[in-house]
Amino acid sequence: MKPQSASSSLKNPVKFRMPTAENLVPIRLDIEIDGQRFKDAFTWNPNDPDSEVVVFAKRTVKDLKLPPAFVTQIAQSIQSQLTEFRSYEGQDMHTGEKVVPIKLDLRVNHTVIKDHFFWDMNNFESDPEEFARTFCEDMKIEDPEVGPAIAIAIREQLYEIAKQSVASARESRANKKGRRGMEHPSASKVGLPALDLGKLFSIKSSVVRKKRDADAYEPIVDHLSNEEVDALEAKEERFAR
């Protein structure tokens, strides 16, 4: 399979979807009932039947021995996030010559990860989960919860950028109606760097680290002691209140 040509999607918008191989919705839950808090993050297939949401909520509450009141709250939160995602489906989005910055700054149990890299929005074969697995292997991270957390963090940022791309496409249509016949300036004409995506990316890879930024954006992985984790969690709990 040949790498996707960057120019093929510069002028023509594509229909909204996650700019990844699998069109999965990042779901994040943070629910508190009667002083008991439940937090989780995962992906969901928007094509799955809505009946699966309640099944998942009931199973989660049962497995974690949460109070029954959590079933409704979990199901409603998932459903509302799926509804938002589906509201964009069918709409045009402009990916353009878009190499977007992705920032990781998260703590998973005793592991702290900080990183910064660039992602090709035009590569619809990209795989955040595979990137996360490779990252964990390269950085010798053994905690099995770290990889999924990294993938979710990437998907959440790509989702936000995809939503912005829908707004960009909508604005572009409005401008065309109001200014027909006028030439739209290219990236190079307005002083923005035009990147040769064909040289930067292959069909299997959507990530690039600029050589001149290698030192500044080198991945940082830190392992915290139990005392440091306890202190951080206490601080987070105070902020949550």
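In the predicted model described here, Ile78 is in contact (heavy atoms within 4.5 Å) with Ile27, Leu29, Phe42, Trp44, Val53 and Phe56, leaving aside its neighbours within four places in sequence. Ile78 is also one of the residues with the most contacts inside the largest nonpolar core, together with Ile74, Ile150 and Ile154. This core has 49 residues. A nonpolar core is here a set of buried Ala, Val, Leu, Ile, Met, Phe, Trp, Tyr and Cys residues joined through side-chain atoms within 4.5 Å; buried means under 20% relative accessible area, exposed over 50%, and partly exposed in between, with a 1.4 Å probe and protein chains only. At least two residues of the core come from each of β2 (25-33), β3 (36-44), α1 (51-64), α2 (69-88), β5 (99-108), β6 (111-120), α3 (128-138) and α4 (146-178). Among these, α4 gives the most, with 10 residues.

Along the sequence, they follow the pattern β-β-β-α-α-β-β-β-α-α-α-β-β-α. Of the 241 residues, 37% count as buried. Among contacts with a separation of 6 or more, 70% are between residues 24 or more positions apart.

Residues are numbered from 1 along each chain as its sequence is written. Because the model is predicted, local features need pLDDT of at least 70 and side-chain atom pairs count only at pLDDT 80 or more, while totals for chains, interfaces and linings use all residues, and side-chain values use heavy atoms, with hydrogens and water left out.

The helix that carries Ile78 can be looked at next. α2 has 20 residues and reaches 31 Å from its first C-alpha to its last, close to the 28 Å expected at 1.5 Å a residue; the expected span of a helix is 1.5 Å times one less than its number of residues. Its buried residues are Phe70, Val71, Ile74, Ala75, Ser77, Ile78, Gln81, Leu82, Phe85 and Tyr88. They cover an arc of only 160° around the axis, which puts them on the same side of α2; the arc is that of the directions from the helix axis to the C-beta atoms. An α-helix has 3.6 residues a turn, so residues three or four places apart point the same way. After α2 comes Gly90, with a positive phi near 90°.

A similar description can be given for α1. Its 14 residues should span 20 Å at 1.5 Å a residue, and its end C-alpha atoms are 21 Å apart, which agrees. Val53, Phe56, Ala57, Thr60 and Val61 are the buried residues of α1. Seen down the helix axis, they fall within an arc of 130°, so they line one face of α1. What covers them includes β3 and α2. On the face turned away from this buried side, α1 carries the exposed residues Lys58, Lys62 and Asp63. Lys65 follows α1, and its phi is positive, near 55°.

Ile152 lies in helix α4 and counts as buried, at 5% relative accessibility. Beyond four places in sequence, Ile152 touches Arg28, Ala41, Phe42 and Thr43. Thr111 lies in strand β6 and is buried, at 4% relative accessibility. Not counting residues up to four places away, Thr111 touches Leu106, Val146, Val221, Asp222 and His223.

Asp92 lies in strand β4 (residues 92-93) and is buried, with a relative accessible area of 19%. Its side chain is joined to that of Lys15 by a polar contact of 2.9 Å. Such a contact is a pair of N or O atoms within 3.5 Å; within protein, one must be able to donate a hydrogen and the other to accept it, and residues adjacent in sequence count only if both atoms are side-chain atoms. Apart from residues up to four places away, Asp92 touches Pro13, Val14, Lys15, Ser165, Val166, Ala169 and Arg173.

Finally, confidence is described by pLDDT, the predictor's confidence in each residue, from 0 to 100. The protein averages a pLDDT of 82, and 76% of the residues score at least 70. Over residues 1-10 the pLDDT is below 50, and this stretch has 15 contacts in the model beyond near neighbours in sequence. Residues 184-204 also stay under 50, with 30 contacts beyond four places in sequence. Where pLDDT is low, the predicted coordinates should not be read in detail.

How values were computed: Helix = DSSP H or I, 4+ residues; strand = E, 2+ residues; numbered from the N terminus.
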